[in-house]
Amino acid sequence: MNDSSVLEGVFDRFLNSARVFKDREMLRHDYVPENLPHRTEQIQLLGEIVAPVLKGVRCSNILIYGKTGTGKTAAAKYVLNKLSQKAQEWRLPVRFCYVNCRWVGTEYRVLSALCGALGIEVPFTGLALGEVFDRFRKGLDAHNGVFIVVLDEIDALVKAHGDTLLYELTRVNEVLHFGRTAIVGISNDLRFKDFLDPRVLSSLSEEETVFRPYDAAELRDILLDRAKSAFCDEVLSESAVSLCAALAAAEHGDARRALDLLRVAGELAERESAETITEEHIRRAERRIEHDRVVEALENLPAHSKLVLLGVYLLAKANTARAITGDIYEIYCELCNQAGLTPLTQRRVSSLINELDVIGLLNTRVVSMGRHGRTKKIRLGVPRGMIGSVFINDERLERLIKYTPRCLIGAANS
Ligand code: ADP
Ligand code: MG
């Protein structure tokens, strides 16, 4: 068979097969559904908190926390969309601006997004932050109504740049003549409060709410609801939905993960012209997603973390019993020399090892060395072949991956 007839077959099979998706868009992360099962209480609470703006009064600032995929972004957008519809109906001067701090990145860009929502142009770079803030303040006064600022993934902004901008934002009402603002902060990190100055914290958390993770039964309801509009009738079996819900609940009750499983399983079924999405498709989707997640994590590691990991990889390949912090540091230094980088201190490398442990790329275990104190035994947390296949595509590492460290020559099985 030549290439053309192979493709002909692929396309014909696709056209003749039953359709899997009715509307794939329904499974996108940023899609805000018309119905959010098991979040009625939170939606009502948020609604009650923001409702005063309909009478021209500033509402309380709100801090929303919860792990990823617990519906924080969806619920906040849902409530604010409805609020602005209501305000429009009644011709009230209420506006809101949604900013995802992690995507936007810097304080300058957060502020310029807020300015943009008030119709104020700010150059992409070049102004002092204070100048941008002045323009923002003037814009608020000119708006002469309530402006709600939604800062999603606010923990990312504060961890990277501190809480100066938040401090200014929580104080801005004191200097406004006409406008009023309220802040809705959303954090995926439950320890976020520890990063805030007490004055900022007390102002930002006038109201607070926590979104708990979903359990398997709740995820099932959510999936069934979303699946109704995403998939053609009869495509999705109940057992497949239950499995998706169970797998996502076992992690930490993440609705995003559950929806991803469903979408990828649907794509696998579509590709092989299957008529239904089965448990088998869900299982394969899980492996695919896990694989992609690890590959992405590996590709995005900083250079020094890659070299630390490569050290553990080379130790594993040499099949030696040696894999304690000191061994890894020795190989790491050698790899740095080979790569033309200056090695970090052993202490820094220890903390890189801890970070790699947290994201699951390494497994560490503290062991006692008797009189010599304690050290860490370190193993790879993912299959060796996977690391090899990612690093071989990294121009800095492709040569080093075949390198034999001096300290390992003749050391195999020692
Ligand atoms: P978070 O902001 O807490 O990380 P999201 O609000 O982004 O979580 O939710 C993740 C995904 O799950 C989104 O696609 C969202 O639409 C969906 N989702 C979350 N909770 C629900 C729910 N109760 N009903 C329907 N979809 C939901
Ligand atoms: Mg979110």
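Predicted model: local features only at pLDDT ≥ 70, side-chain atom pairs only at ≥ 80, totals over all residues.
Ligand 1 is found in the second largest pocket, and the shell draws on two domains, so the ligand lies between them.

**Who surrounds the ligand**
- There are 21 residues around ligand 1, and those that come nearest are Pro 37, Gly 69, Lys 72, Thr 73 and Tyr 214.
- Domain 1 (40-211) supplies residues to this shell, and domain 2 (214-298) does too, which is why ligand 1 is placed between the two.

**Backbone contacts to ligand oxygens**
- At Gly 69, a polar backbone atom is 2.7 Å from an oxygen atom of ligand 1.
- At Ala 74, a polar backbone atom and an oxygen atom of ligand 1 are 2.8 Å apart.
- At Gly 71, a backbone N or O atom is 3.1 Å from an oxygen atom of the ligand.

**Cover and pocket**
- On its own, ligand 1 has 560 Å² of accessible area, and the protein covers 98% of it.

Methods
Residues numbered from 1 in each chain as written. Chains lettered and ligands numbered in written order. Heavy atoms only, no water. Near = heavy atom within 4 Å. Polar contact = N/O pair within 3.5 Å; in protein donor to acceptor, adjacent residues only side chain to side chain. Areas by Shrake-Rupley, 256 points an atom, 1.4 Å probe, with all protein chains shown as cover. 1 Å grid on protein atoms, 1.4 Å probe; cavity = no way out; pocket = protein on both sides within 12 Å on 5 of 7 lines; lining within 4 Å. Sits in = over half its atoms within 2 Å of the grid points. Domains from an automatic or database assignment.
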